[in-house]
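Here's a quick tour for anyone meeting this structure for the first time. Take a look, then read on.

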Amino acid sequence: MVNAQRRVGYAGIFANLGSTAVRYYEAVNNATANFLDRRIGLIVGILGVAVAVSVLLSTTRKEPPKKPVENLAMLVEVVELEPVDARFPVRSQGTVRPRTETVLSAEISGAIVDISPKFVAGGVFEAGEMLMRIDPTNYKVAVTQADALLRQRQIEYEGAKKLRNQGYRAESEFASAAAALATAEADLVRAKRNLERTFIRLPYAGMVRSKEADLGQFVNPGTRLGVTFATDYAEVRLPLTDRDLAFVDLPYAAEITATGESRGPGVVLSADQRGRLVEWPAQIVRSEGVIDESSRVTYAVARIEDPYALRSDHVPLPMGTFVTASIEGVAMQGLLRVPRHALHGSDQLLFVDSENRLRIRSVNIVRADSEYAFISAGAEAGERVILTALESPINGMPVRTANDTAESRREKVAAKGDEEQP
């Protein structure tokens, strides 16, 4: 009985819970349906407002201003050609050599009895200074003998002349006495000259290059004693190609004076000495007048005064120094100069004509260095040359320049100002 009552009670509780759950589910479904209806209505309203605003804006907007089509031609930098006067130095190189070099040889035989302390390699001596002395004893004796013989022949000649005048001697005997006197005079001159040759002297101031004989050595005629050279001048042979000759005013052979030189263009010689670049002034004094058959060059000779700075104050220039020469070139007038990078290829330039179109043209390049190229033909002053690097230029293609762009801007500003005025 009790269990039956409990079961009835539980059944009532579950029935109440079920009915409550059904009511809650119905309430939730009603709320969700109302929320979705409101959200759909809101979305529809927003879309309607947007469409209305879009229609309103499209009906009230103004037409945008029309802009002119811009020129899309390539913008380039140009320069106008102007005539200039130029002087082109010519580069060459050579080795410094002495103007006068002497190989000393003995003219007589004998032992060397005296030698100057300056007669060593690198020694500097003055003109006429004794460098070496050969034993003069035998030659002094020869002078004494020749002098005595001359006095004897003189007495014989005077006696023969007196007897001939008195008629006691024939003409042939007088002639024989005269010949003997002349021979004695010649022997005395020869003996004195041999005595002078015991002194080794030179007629110029110079330097000893090499010493090949020394004190006590016996020498014969022709024995080599040493090598010397003059220090008043030095020379450099400068090779010039046929193209170089067009820019250098070399003296002709007919212009060389009795001293063996003429005045040519100036030269600046340069070389590295002790880690620094040193320069020396020089002068072209002559050309050798022939073309070297092997190298096809012409040699010009530059002269340097006092290379060892013995009489002036400058850096010495030793013989054998390899120098670079910059020769003063002739002045050329009326050339047209353009930057080197404006060249297209080896001899072409890109021009801009009056219609702003590109024109490719070959020109005659007289000279070109690292910065500029100089034109003698193929272009005229006032023409515009393109400086901008173009990979594939086409003859006749339109281009724009910076001046054209600036002018168009000024025209636009002026036009806009006219529109704003009432």
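Which residues does V267 touch, not counting residues up to four places away in sequence? With contact meaning heavy atoms within 4.5 Å, V267 touches L238, W280, P281, A282, Q283, I284, A302, A325, S326 and I327.

Before going further: this is a predicted model, where local features need pLDDT of at least 70, side-chain atom pairs count only at pLDDT 80 or more, and totals for chains, interfaces and linings use all residues. Residues are numbered from 1 along each chain as its sequence is written, and side-chain values use heavy atoms, leaving out hydrogens and water.

V267 is also among the residues with the most contacts inside the largest nonpolar core, along with L238, L269, I284 and I327. Such a core is a set of buried Ala, Val, Leu, Ile, Met, Phe, Trp, Tyr and Cys residues joined through side-chain atoms within 4.5 Å; buried means under 20% relative accessible area, exposed over 50%, and partly exposed in between (1.4 Å probe, protein chains only). Here are the two cores side by side.

| Core | Residues | Members include |
|---|---|---|
| Largest | 32 residues | L238, V267, L269, I284, I327 |
| Second, separate | 19 residues | M132, I200, A213, L225 |

Helix 3 covers residues 171-196, and its buried residues include F174, L181 and L188. Helix 2 (137-166) is part of what covers them.

Lastly, G122 sits in the loop between strand 6 (110-115) and strand 7 (124-125). G122 is partly exposed, at 43% relative accessible area, and touches M207 and V208, not counting residues up to four places away in sequence.

Technical notes
Helices (H or I, at least four residues) and strands (E, at least two) are DSSP runs, numbered from the N terminus. The expected span of a helix is 1.5 Å times one less than its number of residues.
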